[in-house]
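This report looks at aromatic contacts and at the surroundings of a ligand. Please have the model open as you read.

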Amino acid sequence: MEKIKVGVAGVGFIGAVHIEQLRRLPMVEVVAVADPFDATEKARRLGVQKAYDSTFEMLEKEPLDAIHLCTPNNLHFEEALMAFTKGVHVICEKPLTTSLENAKRMSDAAKKAGLIHAVNFNYRFYPLAYEMRQRRLSGELGEVYSVHGSYLQDWLFLKTDYSWRLESDISGRSRAFADIGSHWADLVSFVTGLKPVEVMADFATFHKTRSKPLKPVDTYSNMMLTPEDYEEIPIDTEDYAAVLFRLENGGRASCVISQMFAGKKNEMRVLI
Ligand SMILES: NC(=O)c1ccc[n+]([C@@H]2O[C@H](COP(=O)([O-])OP(=O)(O)OC[C@H]3O[C@@H](n4cnc5c(N)ncnc54)[C@H](O)[C@@H]3O)[C@@H](O)[C@H]2O)c1
């Protein structure tokens with residue numbers, strides 16, 4: 001059987017995870033990666049044959065069946081549109097893109113091309129999430145009156161913690177909610193089968209400015225620098241979000257999302 005040829009764009013924290021997971025599928029072959037930073041070295045480290053400096057060049061030159069978009073958020077839209085014009089299926093990391101309008105355009109382009117366009121909400125595939133969904137589908141849970149929970153991390157607790165996620169032109173206008181709140185909201189919809197119809201939120205930005213390192217820092221690496229290695233920049237995305245939802249069945253949902261919650265490395269809770 002001919003293998004499904006996959007290219008992975010963006011080989012940082014999650015791109016490497018995608019490659020690792022794809023390796024476990026016998027019918028898939030990761031044939032190339034694309035990354036403007038050290039693509040050849042990243043490909044070598046991950047045992048991938050070909051490396052490109054640009055996603056567009058990879059799409060132009062490689063006969064791919066599918067591409068995994070593991071690049072920063074602002075790049076997903078253009079990359080996906082080009083993939084669809086090349087007849088390539090797209091698995092895109094969340095958040096799908098940085099605006100609702102572009103998300104709709106991506107979805108329309110995929111439908112028009114007759115291609116798969118999936119977004120990677122990976123928490124759906126945890127056994128606990130499946131179990132909760134199954135209990136809801138079987139009727140065991142009964143009616144859903146209210147859902148409550150949180151997604152808490154602390155990797156952006158310090159003013160010197162930095163990532164491209166703090167820059168709204170790369171990350172989008174929402175940060176904590178788009179980055180991890182999107183997982184919470186997706187999981188609630190997946191488990192309950194209910195969509196939100198109205199929403200109200202309180203966002204807060206605790207660090208109004210942050211110290212941006214003048215040299216690259218890997219995501220979640222906790223790398224330490226000295227004071228002269230930083231510049232002060234204003235922050236216009238939220239560290240914290242408290243969100244109320246009205247669900248389509250008249251039920252309610254509420255959550256607290258924070259990337260500055262000391263002591264919580266990566267904790268998601270969904271209580272029904
Ligand atoms: N589903 C999840 O649980 C999960 C977890 C982490 C990240 N993500 C998502 O994955 C995406 C990447 O996040 P990350 O944490 O891996 O970031 P990262 O910074 O660790 O990696 C991003 C990679 O993209 C590369 N890159 C930058 N510009 C590029 C370009 N023009 N073309 C190709 N590659 C480029 C960078 O060099 C880097 O290697 C984001 O959209 C993020 O929201 C999802």
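Y123 is buried, at 14% relative accessibility. Buried means under 20% relative accessible area, exposed over 50% and partly exposed in between, with a 1.4 Å probe and protein chains only. Y126 is partly exposed, at 45%.

This is a predicted model: local features need pLDDT of at least 70, side-chain atom pairs count only at pLDDT 80 or more, and totals for chains, interfaces and linings use all residues. Residues are numbered from 1 along each chain as its sequence is written, and side-chain values use heavy atoms, with hydrogens and water left out.

**Aromatic pairs**

The whole structure holds 5 aromatic pairs. Rings of Phe, Tyr and Trp (its six-membered ring) pair if their centres lie within 6.5 Å; planes under 30 degrees apart count as stacked, over 60 as edge-to-face and the rest as tilted. Y123 and Y126 make a tilted pair, because their planes stand at 55 degrees, with ring centres 5.1 Å apart. Together with Y151, these two residues form one aromatic cluster.

W184 and F245 make a stacked pair: the planes are at 25 degrees and the centres 6.0 Å apart. W184 lies in helix α8 (residues 176-192) and F245 in strand β11 (residues 240-247), so the pair ties together parts that are 61 residues apart in sequence. Helices (H or I, at least four residues) and strands (E, at least two) are DSSP runs, numbered from the N terminus. W184 is buried, with a relative accessible area of 1%. F245 is buried too, at 9%.

**The ligand**

How many residues surround the ligand? The shell has 27 residues (a heavy atom within 4 Å). The closest are D35, N73, K94, N122 and W164. By type, the shell divides into 11 nonpolar, 10 polar and 6 charged residues. Here Ala, Val, Leu, Ile, Met, Phe, Trp, Tyr, Cys and Pro count as nonpolar, Asp, Glu, Lys and Arg as charged, and the others, Gly among them, as polar. Helix α8 and α1 (13-22) each supply at least two residues of this shell.

Polar contacts are pairs of N or O atoms within 3.5 Å.

| Residue | Protein atom | Distance to ligand oxygen |
|---|---|---|
| T71 | backbone N or O | 3.3 Å |
| K94 | polar backbone atom | 2.7 Å |
| H183 | polar side-chain atom | 3.3 Å |

On its own, the ligand has 850 Å² of accessible area, and the protein covers 87% of that. Accessible areas come from the Shrake-Rupley method with a 1.4 Å probe.

Key: A polar contact is a pair of N or O atoms within 3.5 Å; within protein, one must be able to donate a hydrogen and the other to accept it, and residues adjacent in sequence count only if both atoms are side-chain atoms.
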